[in-house]
Amino acid sequence: MAIHERSLVEPERILRKERLVVDGVDISGDWNLIILPRVINDYDLDFAKEIVNSPDGKTINQCYQCSYCTASCPVHNYWDERYNPRHFIYLARLGMIDELQKRADVMWRCVSCHKCTHRCPKGVLVEEVLKVILRTMAKKGLIDEYPSKKFDKFFTESVVEYGRIEDGELLFGWIEKQGYKVFKDPILKKPIPFIGETPEWLKQLTMKPLKSMNIDFLILNAKHMLFHPRTKNWSKFKQVLRKVMQEEGALH
Amino acid sequence: MAKSVLVVGGGPAGLAAARTLGKLGVSTILVEKDSQLGGNPIKNHYHTLIPRKLKPSQVIGPYIKDVEQNPNVKVLLNTELTACEGEPGEFRVTLSNGEKHEVGAIVVATGFEHFDPRRKGELGYGLYPDVITNLELERMFSQEGKLYRPSNGQLPKRVAFVFCVGSRDRQLGVTNVHCCRYGCALSGLQGMEIREHYPDVDVFCYYMDVRTYGTWEYPFYWAPQEQYGVRYVRGRIAEITYSPADGRLRVKHEDTIVQRPAEVPMDLVVLVLGMEPSPGTKKVAKILGLSQDPDSQFLVPSDESGSNIISNKPGIFIAGACKGPIDIESSFSEGEAAAAEAATFIGAKVTV
């Protein structure tokens, strides 16, 4: 059966089966289409309890939905209205998983400016609470691993290996992980900037300051890209660090 | 001028007025239509009173004792005011027991009654045993000392409070458009009591606004949320249904923050009742010619006074919930203030 005004119904609520038998009666054909209702049937309170019970999620109970945080949030104000810390807190407290999942593509976009936490009149540690919500969702397999988490891992690996990061490697390595084809020199296997694929935003971001940059600084950066700087005596420290991280379950 | 005062109503405000008048040495007649003193808190077995979390017996008990023991106060139970003639300072009142008295002033403290939730049929009160009123929950705590589902006697897993039943509701006519003032705070308190004794029971408050005014904000709104984990969901419950499949109720509402309809299972639903003027208040207003709010029918104070215990009739003072929703400690203060006004009105010489 056709749906009039299909644009009013979200695709995930339209259920169409090749063959549908209800109470032994085959109703395939014209009647095989179901539109699922928008009704919230229940709360997932186990999810909510897990957040409250985690040490950094406790303050979620203090929220009274005034939206001071969202009004202050740069991501909400300048990027996407769907990023709404106040709303995420409400959804998480009642365990409305499907609503959170709808926003999974924006939820990780926090820039950690901490305006929300700083201004909250109820003392909710908003930024921490949002991270707990994300972490709990990832742990329960309710969202795919989110990009900021991937970046954190990549960053951590670099620090553990060398004792410090190298900007070029971090940037191009990260671009590569996002699926861009980065051109590398055949011997050292180091990325050569701007020869392979480069995202448009990066070109815009770097070209302007590049023109006005000191040539010595550029040479230093190129050197660092070829020969990764590392912290003094790092190799011994690295072994200890890896061992501790292994024991604490922080290494993935 | 007659040297006695008539107090109509034996609830908190009337008791406080009679007690103060008695202590001032003024001859006082207290009429109460019920068979006991104490008014709604005693009659309906309230468990804990807001805002100081004391028991009614602790708070109202001493007032009753003082009134009963004071030789200046004549308490007439099962008695109503039926007629009043005469001028301010010389009222000739007739009581339902046939007695006639001459009094110099009258204190009206006829109070309120709780809304009857059967008038909101969609909420299923009287139809489903697990839909109860907040009065019945108070009685459960105070008389039976335990929380249970009336349908099977078992402990509920989830309790929902439905705010504003019979309040802020034009559907009921113009009479119920006011706020009950106590409901938000009492629900917070009851939610805390449930969570304290049964930590595994989840409590939900369905609200439009949370009006825990003044100093009640922290103890009756913040504390339930922060310390006891009571959950507040924004949306007015529009219908309560029952599912035979699992024997649980469904509260139908729109979650106005998520902007989606919801039908969530609940085991026990508590209706937070509004306040209406008692039949006695409406009757006394007619007998004494007191001005009433055209919508709610509550008594209204004189336009010429900034004080809210001064009525439109000289010599008649109004105290407590006959003027609209009020908390018990304010009822006491108003009764005491009305007593002082009545005593000065009749020119009583204080003989403490």
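Tutor: The following account takes chain A as a whole and then turns to a sheet in chain B.

The model is a predicted one. Chain A holds 13 helices and four strands. Its radius of gyration is 24 Å, well over the 18 Å that the globule rule gives for 252 residues, so chain A is more spread out than a compact globule. The C-alpha trace of chain A extends over about 75 × 45 × 40 Å along its principal axes. Of the 252 residues in this chain, 17% count as buried, a residue being buried if 20 or more other C-beta atoms lie within 10 Å of its own. Where contacts in chain A link residues at least 6 apart in sequence, 58% of them join residues at least 24 apart.

Chain A is divided into three stretches: domain 1 (6-35), domain 2 (45-139) and domain 3 (148-248). Between the C-alpha centres of domain 1 and domain 2 of chain A there are 36 Å.

In chain B, three strands make up an open sheet, ordered β4-β5-β6, with antiparallel pairing. The edges are taken by β4 (81-87) and β6 (100-103) of chain B; each has a single partner strand, so one side of each is left without a neighbour in the sheet. From one strand to the next, the twist averages 20 degrees. Strand β5 (residues 90-95) of chain B is joined to β6(B) by four bridges, and the two run antiparallel. Within this arrangement, B:Phe91 stands opposite B:Val103, which belongs to β6(B).

Terms used:
Residues are numbered from 1 along each chain as its sequence is written. Chains are lettered from A and ligands numbered from 1 in the order in which they are written. This is a predicted model: local features need pLDDT of at least 70, side-chain atom pairs count only at pLDDT 80 or more; totals for chains, interfaces and linings use all residues. The radius of gyration is taken over C-alpha atoms; the globule rule is 2.2 Å times the number of residues to the power 0.38. A residue is buried if 20 or more other C-beta atoms lie within 10 Å of its own, exposed if 12 or fewer, and partly exposed in between; C-beta atoms are placed from the backbone. Two residues are in contact if their C-beta atoms, placed from the backbone, lie within 7 Å. Domain bounds come from an automatic or database domain assignment. Two strands pair if DSSP finds at least two bridges between them. Axes are lines fitted to C-alpha atoms, for helices over the stretch in contact, and angles run from 0 to 180 degrees between N-to-C directions.
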